[in-house]
Amino acid sequence: KEITPPSQSPTLLFEETALCPKQISTPYTSSYSSHGNMFDVQTKSKAITVTGMSLHTSKVANLAYEIYTKPGSFQDGLNDQSVWILLASGNVTGAGYGVGTHIPSEHFLTSTRSSRVIPPHATQGFYVTFTTTDISYDTTSLNVGDSMMSDDNIDVLVGVSIPEYPFGSSFYEKRLWRGEIE
């Protein structure tokens with residue numbers, strides 16, 4: 001069953017392991033940019049499989065990106081690149097402000113299929129980054145780890161932005177990731 005999001009909102013897309021597409025929307029508002037964002041997704045009673053992603057940038061230019069994941073919270077891997085699994089990397093043309101920049105599904109590494117399955121009642125960390133400071137995000141009064149968006153299947157949690165590439169030693173807390181997960 002597919003749900004259609006409002007036209008001004010990005011959509012967080014995923015599929016249940018039973019291959020039933022679902023989606024959750026987050027606004028494409030952003031006042032800030034950085035190299036990347038780290039955030040968590042928590043599943044509820046069903047496992048989901050990540051099959052693609054879109055990122056938010058104000059740029060309409062060629063951008064190099066990387067998408068990582070890890071079982072458990074991103075907070076357990078803030079300073080340790082070795083715990084992250086590269087899901088996808090490549091170059092895309094930024095779609096500009098208010099629009100998702102789609103990462104083609106063929107950019108997702110086939111060897112990471114099992115890393116893209118999030119079991120029921122589990123937390124999975126994500127790190128999305130451009131090699132430039134062009135990932136768009138917003139700030140919030142919510143705390144890191146609070147739910148910024150939720151539906152019957154998942155919660156997307158408040159995370160951090162990353163001011164350095166690829167990984168850094170400093171982080172900006174209370175940041176809202178903007179984009180889509182398919």
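**Contacts, cores and strands**

Q: Which residues is Phe126 in contact with, leaving aside its neighbours within four places in sequence?
A: Contact means heavy atoms within 4.5 Å; by that criterion, and beyond four places in sequence, Phe126 is in contact with Asn37, Met38, Phe39, Val41, Val50, Met53, Tyr68, Thr69, Trp84, Leu87, Ile118 and Ile181. This is a predicted model, in which local features need pLDDT of at least 70 and side-chain atom pairs count only at pLDDT 80 or more, while totals for chains, interfaces and linings use all residues. Residues are numbered from 1 along each chain as its sequence is written, and side-chain values use heavy atoms, with hydrogens and water left out.

Q: How many residues has the largest nonpolar core?
A: A nonpolar core is a set of buried Ala, Val, Leu, Ile, Met, Phe, Trp, Tyr and Cys residues joined through side-chain atoms within 4.5 Å, where buried means under 20% relative accessible area, exposed over 50% and partly exposed in between (1.4 Å probe, protein chains only). Here the largest has 27 residues, and Met53, Leu55, Ile67 and Phe126 have the most contacts inside it. A second, separate core of eight residues includes Met38, Trp84, Tyr127 and Phe167.

Q: Where is Ser161 found, and is Ser161 buried or exposed?
A: Strands are DSSP runs (E, at least two residues), numbered from the N terminus, and Ser161 is found in strand 15. Ser161 counts as buried because its relative accessibility is 0%.

Q: What is the bridge partner of Ser161 in strand 16?
A: Two strands pair if DSSP finds at least two bridges between them; strand 15 (residues 159-162) and strand 16 pair in the antiparallel sense over three bridges, and the partner of Ser161 is Tyr172.

How values were computed
Helices (H or I, at least four residues) and strands (E, at least two) are DSSP runs, numbered from the N terminus.
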